[in-house]
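Here is a brief report on a structure.

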Amino acid sequence: MFSFAVFLESFWPLFWAARYTLLISVLGIGLGLVIGTLICAARLSPYPPLRRFAAIWVSFLRGVPLLVQLLVFYYTLPVIGLDVPPMVAAVVTVGICASAYISEIWRGAIAALPKGQTEAAVAIGMNPRDVWTRVILPQAVTLSLPALINELILLVKASSLVSVVGILELTRASQAQAATTFRPLEVYIAAACIYLLINLCLAALGRYLEHRTAA
Amino acid sequence: MLAASSVEIRKVNKYYGDFQALKDIDLSILPGKVTCLIGPSGSGKSTLLRCINFLEEYDSGEVRIDGQLIGYDAPGKRMPGRKLREMRRSIGMVFQQFNLWPHMTARENVAEGLIRVRGMSKSEAERRAAEALAKVGLADKMANHPSRLSGGQQQRVAIARAIAMEPKLMLFDEPTSALDPELVGEVLNVMKTLAGEGMTMVVVTHEMGFAAHVADQVVFMEKGELVGVDSPDRILHHPEDARIQSFLRTYHERNSF
């Protein structure tokens, strides 16, 4: 029934296709970190319009499925005259979607810091920039690492959705291979193993980073 | 000690919504003297202390450090951040919960302000930090993170962090209240040494022994009001006000066995 030879045979081509999965996830979280940090800063800013914008950004992107966001983004751009390669569209959409979650992760971590941490810095006359870069952010990063790694793992799995805009990432590649070999069982088990392998590596990376940053 | 600050508090009021936390407070703190603020919890002692470095914004009245108004340029007109930071540089503060930065070692905690606020080089700041830590008896704990220190040691690092900045005034907000009883003494000893060097100190405390032996004046507060200001002996041993007598009676009952 289950042929180990077929499993191995499909493993390597799929492993190669997984480079897109990894690329989209890593670039997506990178972009998400940049945008998410800005959104979080807007959310915590003293200016009400900025705070409102950030709140709308977060609730909109969390409220619409990534699949729908991808389709909207991919099919809207040509309408407004922008010809964007699928890969770029995928990374940007995944990044924007992740930014909503990441900004909330930051906000939660910052809110969890005792008020006294800031007060101690303010009391010796530290300026606001140093209070943020020396006292708040280093601790917020440590506090939010588990949640950020969690988000990255979710993105790796969610990246299978970008197949709808025609990118031959791991899930799409395994569908194609299952169709040509007529061996869906072996092919999909191989794909599952690759996803698992990637995410176990990411979890290990997370544990390493947590261990390193723990005081 | 090179110089010690004086503090003048005039008609200070502070509201939290409808609740009045401080009512027309008048108080003079003389340079080089130790003032202890005592009274029941919720009486406004900590709020008053925090108004002195403007960590708490008072709504009306004046707080002057060496004659200079803190927090406001003129009544109702906030002082620019830069000017406020300038004033805070010479006011040290020690908190009930220590508030050490957990991601830094003891030495880094002390050196941080010297580097960021005083603009010292890293090596100079570390040398100064080592001196300050030696002064509070923690020369051998410099490389430890706060999580590896006892409560008393953490509070002594916090004191070192404040004195390394060479303040002219030190504020202590219940510095021993979060400590196990056996660790209180080591912190009070460091504070006594500072007082002996002529530092101006304002201390919110429940340690009546410290107030009796170290303070030059004791202030009793209740319900946002300043009830009495006098020598430790007059306030703690011969109080005339019924509210002070009642507070001390409760204190003695709780501490006798």
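## Cysteines

How many disulfides does a search of the whole structure find over all chains? The search finds zero, a disulfide being a pair of cysteine sulfur atoms within 2.5 Å.

Take Cys36(B) and Cys51(B). Cys36(B) is in no disulfide, and its nearest cysteine sulfur, that of Cys51(B), is 19 Å away. For Cys51(B), the closest cysteine sulfur is in Cys36(B), and 19 Å is too far for a bond. Cys36(B) counts as buried, at 0% relative accessibility. Cys51(B) is also buried, at 0%. Buried means under 20% relative accessible area (1.4 Å probe, protein chains only).

## Basis of the model

This is a predicted model: local features need pLDDT of at least 70, side-chain atom pairs count only at pLDDT 80 or more, and totals for chains, interfaces and linings use all residues. Residues are numbered from 1 along each chain as its sequence is written, chains are lettered from A in the order written, and side-chain values use heavy atoms, without hydrogens and water.

## Interface of chains A and B

In chain A, 19 residues are in contact (heavy atoms within 4.5 Å) with 23 residues of chain B. The two chains bury about 1,800 Å² between them, 61% of it on carbon and sulfur atoms. Buried area is the accessible area (1.4 Å probe) that two parts lose on being put together, summed over both.

## Salt bridges and elements

Two salt bridges link chain A and chain B. Each needs a side-chain nitrogen of Lys or Arg within 4 Å of a carboxyl oxygen of Asp or Glu. Arg134(A) pairs with Glu112(B) in a salt bridge, with the closest N and O atoms 2.6 Å apart.

Definitions and conventions. Buried < 20%, exposed > 50% of the residue type's maximum accessible area, 1.4 Å probe, protein only.
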